[in-house]
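Visitor: Could you take me through this model slowly, and tell me what stands behind each word that you use?

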2 protein chains.
Amino acid sequence: MSKDQTKLVKEITSRDADFAQWYTDVCRKAELMDYTDAKGFIIYRPYGYAIWENIQKYMDFEFKKTGHENVYMPLLIPESLFMREADHVKGFAPETAIVTIGGKEELTERLIIRPTSEVLFCEHYSKIVSSYRDLPKKYNQWCSVVRWEKTTRPFLRGSEFLWQEGHTIHATENEAREEVLGMLDIYNNVGKDLLAIPFITGKKTDKEKFAGAEETYTIEALMHDGKALQSGTTHYFGTGFAKAFNIQFQDKDGGLKTVFQTSWGLSTRLIGAIIMVHGDDSGLVLPPYVAPVQVLIVPIQQHKEGVLDEANKLFNEINNAGFRVRLDDSDKSPGWKFAEAEMKGIPVRIELGPRDLENGECVVVTRYNGEKKNVAISAVVSQLPELLKTIHQEMYDVALENVNNNTRPALTYDEFKDIIEHKPGYVKMMWCGEQACEDKIKEDTTATARCIPFVQEHLGDTCPVCGKKAVKEVLFAKAY
Amino acid sequence: MSKDQTKLVKEITSRDADFAQWYTDVCRKAELMDYTDAKGFIIYRPYGYAIWENIQKYMDFEFKKTGHENVYMPLLIPESLFMREADHVKGFAPETAIVTIGGKEELTERLIIRPTSEVLFCEHYSKIVSSYRDLPKKYNQWCSVVRWEKTTRPFLRGSEFLWQEGHTIHATENEAREEVLGMLDIYNNVGKDLLAIPFITGKKTDKEKFAGAEETYTIEALMHDGKALQSGTTHYFGTGFAKAFNIQFQDKDGGLKTVFQTSWGLSTRLIGAIIMVHGDDSGLVLPPYVAPVQVLIVPIQQHKEGVLDEANKLFNEINNAGFRVRLDDSDKSPGWKFAEAEMKGIPVRIELGPRDLENGECVVVTRYNGEKKNVAISAVVSQLPELLKTIHQEMYDVALENVNNNTRPALTYDEFKDIIEHKPGYVKMMWCGEQACEDKIKEDTTATARCIPFVQEHLGDTCPVCGKKAVKEVLFAKAY
């Protein structure tokens, strides 16, 4: 038993007693990550990285299906290049890590570790694009980025994190706008199809948008503690960067035009979302389609004749049917194996002992609701697709119910403050469109505008904060 | 037509006139990469990155099949951690890039961008391993590393490159040694199965081994200009690092023991190998199984009735059969499309025009030998698997013949110097085992010991350089 594992079976902090500590406990005891000596830089352990690989696989397929190509841009950005777009600099310069020494010598120009790669893509596009025939360019890259953070938490906020960043340029504004919303759709589907997380989609207010973007769109998720988590964003840049970097093309009509640009990113932060949406007091609860191990077989009294043979047979059947299955025939006790399977959130556990064998049955336990059922061994494989589908759907439904139960309208600012202070979740409120009101809300309550939801309700005609005419309904919440 | 493409159809430098310039021309005009303002940091463009993705896919599958797990370690290494293994420091410290500023503040401890991650894996292993039950740990990571290089060339030697680095620890020396040779086998198979490159496998001399390793094994490839390219290495560390990092475990017998360790890495340098082994005066020549596009369909007189319909039909058939196919129905001329397909080394080009249609035929052109054949349209898909197999095999055979024709034995040191000076390729010679003789050879000729081949020949009893008793046959060459 490893050092970590001896601690595994001991209780973790209760989720409702101390959510932050519970989160950290799950991250470490489910062996998703480990800390290092460099603050904010974590190790993605095999189990955590495998979750990310499953997310990557889903997304990479969708990206390619929609005509995107992967590239790799350099890790380091010359400072002068980094400084070329003013808003972008203002947003990112404070949190950069800077290389000043290379090959034992002081560099003549300092190099910035990419916090995001807009400027590199812009510089490249300006070199390779000259005609409408070269457009669109729809590039994506998988990499890590570095942003110097003062307060860090595994997966949620780190000085380094893994992500994908898409960067596209288009001949027309319409096409660029379609790209921004199309990619948001794909992000939203990651929640629906893979993570069993219902996102709320919408547009960011100007205060909350990306440094350098004209518009930012977002998928927002609600965590079990009632806080929101921005889980992915897509940006419409218009021609701002393109003008700063002179990305022009000769159009069909012969005229010289500037391209319209987008970028979009989604990160390992999603692993944090999975933990905080689905986890419970026994640890992680993984939705089946993203789980590195979907089914764990635990033989009971495995020294008894026939038990391991039957367990291996079942393993092979499930494996050959294309599911991610593991058989734990180690010398640990079944109780220990159950606890580990629960801590790691494995969706389905199959127990198989001598008595079960006599009846040709096994016990199938579903992690998300703890239900146990006797199932004929011969029926396990054929029932698995439906079982995983049901688990996924019910986990999604529970999460959606949590969102619905914790989204409350506020018709007055007093009501808003009361709900934000005493209830978890989102508050919907009309808004005048002025940043002053957002600022006041943040100062009074720490809540922020999560998004202007695509699906709008009309709750009233005025902004409850300032009394002026309301232009939009906004979703507010305290957030990570 | 893009800025790059207008240059594409113009001639590139002849391979035999100026190999170095030819190489750079191919890298850029086949749109594999582009330079950036930071010296030695290149952009992997979609076509180049897609080659790497195909290599990754093959290797990742093999790694997982043999029980390896992917992880991700931090980009930055605290300087004190980096300094813990003396040989390693000596080897890598001179070429490190160092972060001294984070979040606008001078760091209290400098952070080194990983040139390789041994120390991070060691530190982590020392924390998570305590019992024989925790062993082996077989981890791999896909990432980029930074090594400050004075002379850089695309793919071959860069200040940043993409690679995988495997790091494993084992309870016994035997198991670790098996790992080192097993991974070398997988590397060797990448050449056989995917790149159509015959590697020579063997052990590095102590002079040429990895900084901190007890033994280094290598796959060596011979380029068209007669120089060798080290294409992948695996290392046996014994307990050197493990002792410096205190990676111990309690064995079955209760005793406290130190783990045996390995690491192994293979990089985007392989893209350089593909170019220099197979390329010709018309550009890149890609082996079919690693080619991002295996088949290009070029319609001739595509405005004529039926041509595009038939081309699309054929595209769909080939696509549905699982091949990577593209149809170029742009408004460029067929001649331009042919030149581009040749520059990009697409293995199979299919030409389809009105006259072909009348006969129910198309023209199939194979890039590696320029052969054209009329093939019934209805037979194309069914013949493709065999065609790709033949192309792969013949490309491999040509490359192997080049190795065989350019590997010469030297029985005296004069003969050695004469061959090295006047002939391309490898020279086989007996060796006494002393570094002094390697040093002398390098000083006299610039050639280095590429490896002590696994397949040994007995060419004599003494070392031709010093006259002492020979212990091994060594393969020497000038190298990249």
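Guide: Let us begin with S131(A), which is buried, with a relative accessible area of 7%. This is a predicted model, in which local features need pLDDT of at least 70 and side-chain atom pairs count only at pLDDT 80 or more, while totals for chains, interfaces and linings use all residues. Residues are numbered from 1 along each chain as its sequence is written, chains are lettered from A and ligands numbered from 1 in the order in which they are written, and side-chain values use heavy atoms, with hydrogens and water left out.

Visitor: Why is S131(A) called buried?

Guide: Buried means under 20% relative accessible area, exposed over 50%, and partly exposed in between, with a 1.4 Å probe and protein chains only. S131(A) has 7%, so the word buried applies.

Visitor: What makes K104(B) exposed?

Guide: Its relative accessible area is 62%, and exposed means over 50%, so K104(B) counts as exposed. K104(B) also has a positive phi of about 70°, although it is not a glycine.

Visitor: Is A196(B) buried or exposed?

Guide: A196(B) is at 0% relative accessibility, and because buried means under 20%, this residue counts as buried. A196(B), too, is not a glycine, yet it has a positive phi of about 55°.

Visitor: What lies 2.8 Å from a polar atom of the side chain of S131(A)?

Guide: That is the backbone nitrogen of R133(A).

Visitor: Why is there said to be a salt bridge between D331(A) and R133(B)?

Guide: A salt bridge is a side-chain nitrogen of Lys or Arg within 4 Å of a carboxyl oxygen of Asp or Glu. In D331(A) and R133(B) the closest N and O atoms are 3.1 Å apart, so the pair meets the definition. Between chain A and chain B the count is 4 salt bridges.

Visitor: How many residues of chain A are in contact with chain B?

Guide: Contact means heavy atoms within 4.5 Å, and 62 residues of chain A are in contact with 62 residues of chain B. The area buried between the two chains, that is, the accessible area (1.4 Å probe) that two parts lose on being put together, summed over both, is about 5,200 Å², and carbon and sulfur atoms give 57% of this area.

Visitor: How do you know what relation chain A has to chain B?

Guide: Copies are superposed by least squares on the C-alpha atoms of residues with pLDDT of at least 70 in both. Chain A can be laid on chain B with an RMSD of 0.0 Å by a turn of 180° and a shift of 0.0 Å along the axis, which is the relation of a two-fold axis.

Methods
Polar contact = N/O pair within 3.5 Å; in protein donor to acceptor, adjacent residues only side chain to side chain.
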